[in-house]
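Thanks for coming, everyone. Please bring up the sequence and the structure, and we will walk through them together.

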Amino acid sequence: MEEFYPVHYNDGVSHQFWFVSTGKRNILKCVQLDMMEETEEYYHLSLLDFDHEQGCLREDIVSNNGDTNRVLSTVAHCMILFLHRFPETKIIFTGNSRSRDRLFQIQMNNQSNKIRLLDVETKLHETGSIIFSITKRKY
Amino acid sequence: MKSKESKSIDLSKELEYAMKVAKDQPSPKMERIKPLIPSIIASLKNTDSSDCA
């Protein structure tokens with residue numbers, strides 16, 4: 001598995017895992033997990049960039065930082081940490097576009113095959129987006 | 001020109017600042033998909049829906 005970046009956990013209203021993407025430049029990234037319904041079964045995952053000037057998290061930045069595999073490996077690592085702590089939950093995410101969906105599909109399959117700790121299930125939403133559902137692999 | 005050590009300290013301070021500022025900020029992505037959550041969950045619970053793995 002591609003080496004992942006060190007992560008820092010931030011507990012609040014949401015669960016946040018922070019790391020610094022050190023590709024062409026340094027970018028602060030946050031993997032945020034938000035409860036989707038009151039049963040606490042589903043958590044939505046967002047991969048966000050911190051906008052230092054605005055002081056806020058953003059999803060619409062295309063960073064092209066040259067470290068996609070390492071970033072996605074770090075996201076997979078965050079999911080493992082989260083599912084270790086909350087083993088009965090499911091992590092849900094979607095891409096921002098069809099091309100992102102496809103990229104995530106390939107990368108997540110690669111990650112799960114390599115680390116063998118996650119099960120990745122995909123469903124097609126009525127909007128045409130792919131929904132990724134990640135659970136802790138049962139042995 | 002900054003040394004590697006001072007850059008590392010700056011980065012660590014920036015990370016600390018970001019974690020403090022954004023601690024309870026809602027995810028813009030989560031906000032965007034909120035209206036779709038019921039249908040997303042329905043898709044996940046429906047075992048007959050298309051599996052595109």
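Let me start with one residue. With its C-beta neighbours counted inside 10 Å, is A:D119 buried, exposed or partly exposed? A:D119 has 14 such neighbours, so it counts as partly exposed. You will find A:D119 in strand β7 of chain A, residues 118-124.

One caution before we go on. This is a predicted model. Its scores are ipTM 0.84 and pTM 0.88.

Now the overall picture of chain A. The chain has two helices and eight strands. What order do the elements of chain A run in, from the N terminus on? The order is β-β-β-β-β-α-β-α-β-β. The radius of gyration is 14 Å, close to the 14 Å from the globule rule for 139 residues, so chain A is as compact as a globular protein of that length. Along its principal axes, the C-alpha trace spans about 40 × 30 × 30 Å. Of the 139 residues, 38% are buried. Then there are the contacts between residues at least 6 apart in sequence. Of those in chain A, 51% join residues at least 24 apart.

Start with strand β1 of chain A, residues 8-11. β1(A) pairs with β2(A) in the antiparallel sense, over four bridges. A:N10 is the residue opposite A:Q16 of β2(A). The two strands make a hairpin, with three residues between β1(A) and β2(A).

β2(A) also pairs on with strand β3, residues 26-35. β2(A) and β3(A) run antiparallel and are joined by eight bridges. There, A:T22 has A:N26 of β3(A) as its bridge partner. This is a hairpin too, with three residues between β2(A) and β3(A). How many of the eight residues of strand β2 are buried? Seven of them are, so β2(A), residues 15-22, is largely enclosed by the rest of the structure.

On to the core. In soluble globular proteins, nonpolar side chains tend to be buried together. The largest nonpolar core here has 37 residues. The members that touch the most others are A:V75, A:M79, A:I91, A:I92 and A:F132. Elements giving two or more residues to this core include β4 (42-51), β6 (90-93) and α2 (98-115) of chain A. Which element gives the largest share of this core? That is α1(A), with eight residues.

Take A:F132 as a case. Leave out residues up to four places away in sequence. A:F132 then touches A:I92, A:F93, A:T94, A:F104, A:M108, A:V120 and A:T122.

Last, the partner chain. 26 residues of chain B are in contact with 36 residues of chain A. On the chain B side, α1 (4-21), α2 (28-33) and α3 (37-45) each give two or more residues. By type, that side of chain B divides into 15 nonpolar, six polar and five charged residues.

How confident is the predictor in chain B? What is the average pLDDT of chain B? The average is 81, and 70% of the residues score at least 70.

Over to you for discussion.

Technical notes
Residues are numbered from 1 along each chain as its sequence is written. Chains are lettered from A and ligands numbered from 1 in the order in which they are written. This is a predicted model: local features need pLDDT of at least 70, side-chain atom pairs count only at pLDDT 80 or more; totals for chains, interfaces and linings use all residues. The radius of gyration is taken over C-alpha atoms; the globule rule is 2.2 Å times the number of residues to the power 0.38. A residue is buried if 20 or more other C-beta atoms lie within 10 Å of its own, exposed if 12 or fewer, and partly exposed in between; C-beta atoms are placed from the backbone. Two residues are in contact if their C-beta atoms, placed from the backbone, lie within 7 Å. Two strands pair if DSSP finds at least two bridges between them. Ala, Val, Leu, Ile, Met, Phe, Trp, Tyr, Cys and Pro count as nonpolar, Asp, Glu, Lys and Arg as charged, and the others, Gly among them, as polar. A nonpolar core is a set of buried Ala, Val, Leu, Ile, Met, Phe, Trp, Tyr and Cys residues joined through C-beta atoms within 7 Å. pLDDT is the predictor's confidence in each residue, from 0 to 100.
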